[in-house]
Amino acid sequence: MRKFLVMLDDSRECLNAMRFAAMRASNSGGAVTVLAVIPPNEIQHGFGVAEVMRAEAYERIEAHFEVFAKWMRMRPKVEPELVIREGDPAEQLLAYLTEDPEVGIIAIGLNPDKSVQNPLLARLLREAATLPCPITIVPADISKERLEAIT
């Protein structure tokens, strides 16, 4: 079985990457794994605050994931898996790829604003020759209809 790996974040481009992964998984008998990473700067350490901030971050991610998961279950009929990690997003994504050999494709959204940097995509492109699977870059401005046609 082929898994599509997608990063969950608050970006606009994340939506089309999720759509692409779910539709491709549905059409190819695959699965979707959604990876969410809590960056270290979102959890301040000291005086018991870290655990509260960590719990809040997990709740926020799970709620955000559930919006995508509900659509995936209903429309393309895919049951996504959520994986939550803490640390640098690029490092965690690369680590996950080594841990799960079933990942066949990374789907990542591309912001249409050329002034916006995507450190995760930049890192993946630097590591592309050594990745165990291909990267599919999904434009943020591509329509749902176009995504349906190409998946």
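Is Arg123 buried or exposed? At 18% relative accessibility, Arg123 counts as buried; here, buried means under 20% relative accessible area, exposed over 50%, and partly exposed in between (1.4 Å probe, protein chains only).

This is a predicted model, where local features need pLDDT of at least 70 and side-chain atom pairs count only at pLDDT 80 or more, while totals for chains, interfaces and linings use all residues. Residues are numbered from 1 along each chain as its sequence is written, and side-chain values use heavy atoms, with hydrogens and water left out.

**View 1. Arg123 pairs up with Glu91.** The two form a salt bridge, their closest N and O atoms being 2.6 Å apart (a salt bridge is a side-chain nitrogen of Lys or Arg within 4 Å of a carboxyl oxygen of Asp or Glu). The pair links distant parts of the chain, with Arg123 in helix α4 and Glu91 in helix α3 (residues 89–99), 32 residues apart. Helices (H or I, at least four residues) and strands (E, at least two) are DSSP runs, numbered from the N terminus. Glu91 is partly exposed, at 38% relative accessibility.

**View 2. Glu86 meets Arg54.** Here's another salt bridge, at 2.6 Å from N to O. Glu86 sits in strand β3 (residues 81–86) and Arg54 in helix α2, 32 residues apart. Glu86 is partly exposed, with a relative accessible area of 30%, whereas Arg54 counts as buried at 17%. A search of the whole structure turns up 12 salt bridges.

**View 3. Strand β2 is mostly covered.** Of its 8 residues, 8 are buried. Ala31, Thr33, Leu35 and Val37 point one way from β2, and Val32, Val34, Ala36 and Ile38 point the other way. Leu8 has Ala36 in β2 as its bridge partner.

**View 4. Meet the largest nonpolar core.** A nonpolar core is a set of buried Ala, Val, Leu, Ile, Met, Phe, Trp, Tyr and Cys residues joined through side-chain atoms within 4.5 Å.

Key: Pairing = 2+ DSSP bridges.
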